[in-house]
Amino acid sequence: MSKTYTKREFLKMMGLGLAFLPFMSCFNHSSSNTEQEADGGQQKKDQRAEDNSGDELKVSDEDILLLTRDDQRYADFNMAFNKRIKHLPKYIAVCRTEKGVQYAIQKAKAEKLKVAVKSGGHSFEGFSSNDGGMVINVSLMKKISWLENDEVLMGPGCLLQEVQAGLFPRKRLLPSGSCGTVGIAGLTLGGGYGFFSRKYGLTCDSLLELTMVGADGRVYTTKDDKELLWACKGGGNGNFGVVTSFRFKTYDMPPTFDSYVLKFRNMNVERFESSLSTWFDVSEKIPEEAFAAYVLNGKTLTILITTYKSIPGFDQLIAPLTVLADSTSPTLNADLPKAMKRYYGRKGPLYFKNASAGLYRGKADILQVKEALFGLVAGNPGIVFQVNTLGGKIADGTFEGTSCYPHRQLAYLGELQAYWELESKEAGLVKAFEDIQTLFRNGGIEAHYRNYPDINFKDWEKAYYGDNYGRLQEVKRKYDKDDLFHYPQSIRV
Ligand SMILES: Cc1cc2nc3c(=O)[nH]c(=O)nc-3n(C[C@H](O)[C@H](O)[C@H](O)COP(=O)(O)OP(=O)(O)OC[C@H]3O[C@@H](n4cnc5c(N)ncnc54)[C@H](O)[C@@H]3O)c2cc1C
């Protein structure tokens, strides 16, 4: 049922009441179910298909559940985090093994169906599903195993909260995002940033190797092809094949986490300018262990600053911001695993439209449109404009060559968000959203983060991949020459 939120409920929904907005709501997809539950207690049954060589691949329910629309489990596996996105694939192949994935690929080819790949289901634009095609859902492939040197092997179905639950008891850390139900697969393949990225790089920078089933049904490992590894560090989302495992390096888990939440109420354009300008000045000086976000939600501004290392003089460093704020709430020396749970976000699904608002060089990129931008955010409740710090180790030259993520020198990521519950609100909010996008586009902001896509980005190839698009097309031709893996912004053959 539709409902109108009170201001308090709205803020809570936005994560500002209890947690924090950028790492907002997520939901427990049925992929969190155990395999036993997902199986529905069905008897094992064999399914057969032919691969390219004519060999028959024999699979059972232990490899794959091939769901059609009349199956009662279909709706659960068809759910996406974004309620606005509605797709109806012909088949949802819930795969538990590589053999299951191979079978699903054979089946799709035999029926001439396009294939989308789904893990955590958080794609802003529903790129992990399709209409009338095959969706290969690997959300049940959640195994985590430890290797030598504290390296970890992970199934693509692991959600970020499961990654943390697997790593923290061993006092290890994988730098990733904060929302608990985002999938490690989509996050890593598109880059992946969060609290720890300025120290260790993007999540994909910790990726050592992956295994993938290509369009020909063969299993590939990046041990044999460094170019595939390069392509999957920022450009691997549903483009070349189905990733079935990731090998990551891990880092010592810091024991504690500090956060400062600064509130500014009744903002106007002058305060917007001074707070944003100061936020940039402070952000430029914070050490790599720290992260900062600037979140304008209507006329309320929230700034989050975090760190996980005792930094002498940190209070003085952020003082130019705290003196401007109406209030500052520090939480110091919190137990890190517990602190992370605060950012897992709300369970969904939700109606929303989110997209990159651009990667910026500095404050001038935003201040050039300050009046119109502030007017559109403040005048349209439900619209949120956010800037996050990147930079630090992300900008490290060594990662330039080992990954296709092209925007390492742009140290700030903008995110535009719109949330609604009543469908009648959608058109007005989306209009304001698009007006803000036009402001930035006219201001020359062209670089965007692949994991914050928008179906309306015109020059998306350049926006997401910079000068690397042509090289990515070569990888596409090698692993998927007939464009089996296809969605509106997949890499073209
Ligand atoms: C609430 C929320 C919070 C977020 N927070 C952050 C954050 O803190 N940091 C950040 O960097 N990003 C964040 N994101 C963006 C997130 O990284 C992307 O949405 C990511 O692509 C989601 O991955 P997924 O596996 O959950 O989604 P899915 O919808 O399953 O997949 C996303 C894309 O990856 C492809 N893909 C998924 N699995 C595979 C696979 N096994 N093999 C090949 N391709 C695959 C899909 O085809 C699709 O194109 C957030 C998104 C949301 C909705």
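**Ligand shell**

I looked up which element gives the largest share of the shell around the ligand, and found α6 with four residues. Helices here are DSSP runs of H or I of at least four residues, strands are E runs of at least two, and both are numbered from the N terminus. This is a predicted model, in which local features need pLDDT of at least 70, side-chain atom pairs count only at pLDDT 80 or more, and totals for chains, interfaces and linings use all residues. Residues are numbered from 1 along each chain as its sequence is written, and side-chain values use heavy atoms, with hydrogens and water left out.

I then noted that β5 (115–118), α6 (184–190) and β12 (241–248) each supply at least two residues of the shell. In total, 37 residues surround the ligand. A residue counts as near if one of its heavy atoms lies within 4 Å of the molecule or strand in question. The closest are V117, S119, G121, S128 and Y449.

Next I checked polar contacts, meaning pairs of N or O atoms within 3.5 Å; within protein, one must be able to donate a hydrogen and the other to accept it, and residues adjacent in sequence count only if both atoms are side-chain atoms. S128 places a polar side-chain atom 2.6 Å from a ligand oxygen. G121 uses a polar backbone atom, 2.8 Å from an oxygen of the ligand. S123 has a backbone N or O atom 2.9 Å from a ligand oxygen. Taken alone, the ligand exposes 950 Å², and the protein buries 98% of that. Such areas come from the Shrake-Rupley method with a 1.4 Å probe; for residues, only the protein chains shown count as cover.

I went to T389, in strand β19 (residues 383–389). T389 is buried at 2% relative accessible area. Buried means under 20%, exposed over 50%, and partly exposed in between, with a 1.4 Å probe and protein chains only. A polar side-chain atom of T389 lies 3.0 Å from the backbone nitrogen of A292. I listed its contacts (heavy atoms within 4.5 Å). Beyond four places in sequence, T389 is in contact with R198, W279, S283, F291, A292, A411 and Y412.

I286 sits in the loop between α9 (269–285) and β15 (291–297). Its relative accessible area is 6%, so I286 is buried. Leaving out residues up to four places away, I286 touches R198, F291, A292, F314 and L317. I286 and I305 are 19 residues apart along the chain, with C-alpha atoms 9.5 Å apart.

**Helix α15**

I checked the length of α15 (residues 426–442): its 17 residues should span 24 Å, and its end C-alpha atoms are 24 Å apart, which agrees. The expected span is 1.5 Å times one less than the number of residues. Buried in α15 are L429, V430, A432, F433, I436, Q437, L439 and F440. These pack against β18 (351–360), α12 (364–367), α13 (370–378), β19 and β20 (412–420). E434, also in α15, is partly exposed at 32%. Its C-alpha is 9.7 Å from that of L416, 18 residues away in sequence. Just after α15, G444 takes a positive phi of about 85°.

**Cysteines**

How many disulfides are there? I counted zero, taking a disulfide as a pair of cysteine sulfur atoms within 2.5 Å. For C232, the nearest cysteine sulfur is that of C404, 8.1 Å away. C232 is buried at 1% relative accessibility. C95 is buried too, at 0%.
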